[in-house]
Amino acid sequence: MTGEVLHWLQALLGSDTPPEELASRYERLGTARAVAHEVLQERIAQLLSDPLKVTVNGIATVDSSPNLTALERRLAQLDTATAPDDSPAAGPAAVSVIALRARAQR
């Protein structure tokens, strides 16, 4: 994993994920986009494993649903983001045609 890929992942996911963990995921999955997708999916699963909203009447309310919405939005944006290790976009390819002709016999 290059430094550029690591910086992209940290910018997308935050700096709380250790670089060693990102590097091992990158080695296993092969692309920065796959690493980001897996980390975001794990964060969403972690939020969903606990109640999203807890209220203690008259004392406090803890609501994690905006965090879930933000992670889902980030996951959706990941499909349109350009990762540093993405292959170049397939644009119009230049086509060359070479015609081979037999020489006239003398």
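Analyst: Two residues are in contact when heavy atoms of theirs lie within 4.5 Å, and the structure discussed here is a predicted model.

User: Which residues is Leu9 in contact with, leaving aside its neighbours within four places in sequence?

Analyst: With those neighbours set aside, Leu9 is in contact with Met1, Gly14, Leu22, Ala32, Val35 and Ala36. Leu9 is also among the residues with the most contacts inside the largest nonpolar core, which has 20 residues. Two or more residues of this core come from each of α1 (3-13), α2 (19-29), α3 (32-49) and α4 (65-78), and α3 gives the largest share, seven residues.

User: What makes the buried residues of α2 line one face of the helix?

Analyst: The residues in question are Leu22, Arg25 and Tyr26, which are called buried because each has under 20% relative accessible area. Seen down the axis of α2, these buried residues fall within an arc of 100°, and therefore they line one face of the helix. The face turned away from that buried side carries Glu20, Glu27 and Arg28, which are called exposed because the relative accessible area of each is over 50%.

User: What do the buried residues of α2 pack against?

Analyst: They pack against α1 and α3.

User: How are two packed helices described, and what are the values for α2 and α3?

Analyst: Two packed helices are described by the angle and the distance between their axes. For α2 and α3, the axes come within 8 Å and cross at roughly 120°, and the crossing is right-handed.

Terms used
Residues are numbered from 1 along each chain as its sequence is written. This is a predicted model: local features need pLDDT of at least 70, side-chain atom pairs count only at pLDDT 80 or more; totals for chains, interfaces and linings use all residues. Side-chain values use heavy atoms; hydrogens and water are left out. A nonpolar core is a set of buried Ala, Val, Leu, Ile, Met, Phe, Trp, Tyr and Cys residues joined through side-chain atoms within 4.5 Å. Buried means under 20% relative accessible area, exposed over 50%, partly exposed in between (1.4 Å probe, protein chains only). Helices (H or I, at least four residues) and strands (E, at least two) are DSSP runs, numbered from the N terminus. Axes are lines fitted to C-alpha atoms, for helices over the stretch in contact, and angles run from 0 to 180 degrees between N-to-C directions. A crossing is left-handed if the near helix is turned anticlockwise from the far one by less than a right angle, and right-handed if clockwise. The arc is that of the directions from the helix axis to the C-beta atoms.
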